Each structure stands twice: as structure tokens, then as C-alpha cells.
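Start with the structure itself.

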Amino acid sequence: MGQILQFRLRPQPVVGADALDLLSAVDFALRDLAEITQHIILDSAREQAEACRQMLQDAYDAACMAE
């Protein structure tokens, strides 16, 4: 007789509470990046931080509009 193996089931995503937590995390990151960017001396690093901030801002705005 063969042995039956039970594969782990994929965890079900939690809707609602986690979305707020993620949006809060992005909001905090946006604030931190805005503050940190002012203190970056190297132009290329400042541009990279600003590009990252803009990407997060766009994603945050899109998520807020989708709600």
C-alpha cells in the first residue's frame, strides 16, 4: 500500500487589516525618505532615493484610489 503525503496548503491572504498595515508602512517610508534625502551629499544617491520615494508615492496613491 502506498503512503499518502499531505502537501502544505498555501496560506490564505488576510484582506483588510494587512492592507492598512502595508499602507501605513509605505506612508512611514515616504516620510523617512523625504527626510533622509535632504541629508544625502552624493548627487547620484540623492537621485536614487528620490526615484525610490516617487515610486513608493505612486504605488501609495494608486492603492488609496483603489479603496
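Arg53 pairs with Glu50 in a salt bridge, with 2.8 Å between the closest N and O atoms. A salt bridge here is a side-chain nitrogen of Lys or Arg within 4 Å of a carboxyl oxygen of Asp or Glu. The count by this rule is three salt bridges.

This is a predicted model: local features need pLDDT of at least 70, side-chain atom pairs count only at pLDDT 80 or more, and totals for chains, interfaces and linings use all residues. Residues are numbered from 1 along each chain as its sequence is written, and side-chain values use heavy atoms, with hydrogens and water left out.

- Helices are DSSP runs (H or I, at least four residues), numbered from the N terminus.
- Arg53 counts as buried because its relative accessibility is 18%.
- The cut-offs are these: buried is under 20% relative accessible area, exposed is over 50%, and partly exposed is in between (1.4 Å probe, protein chains only).
- Glu50 is partly exposed, at a relative accessible area of 32%.

- Arg46 and Asp43 are about one helical turn apart, because three residues separate their positions in helix α2 (residues 43-66).
- Arg46 has a relative accessible area of 31%, so Arg46 is partly exposed.
- Asp43 is partly exposed too, with 47%.

- Arg31 bridges to Asp27, and their closest N and O atoms are 2.9 Å apart.
- The two residues are four apart in helix α1, so about one helical turn separates Arg31 and Asp27.
- Arg31 is exposed because its relative accessible area is 52%.
- As background, side chains of opposite charge can pair when their charged atoms come close.

**Leu22**
- Leu22 lies in helix α1 (residues 17-37).
- Its relative accessibility is 56%, so Leu22 counts as exposed.
- Leu22 and Tyr60 are 38 residues apart along the chain, and their C-alpha atoms are separated by 9.5 Å.

**Cysteines**
- How many disulfides does a search of the whole structure find? The search finds zero.
- A disulfide would be a pair of cysteine sulfur atoms within 2.5 Å.
- Cys52 is partly exposed, with a relative accessible area of 31%.
- Cys64 counts as partly exposed at 34% relative accessibility.
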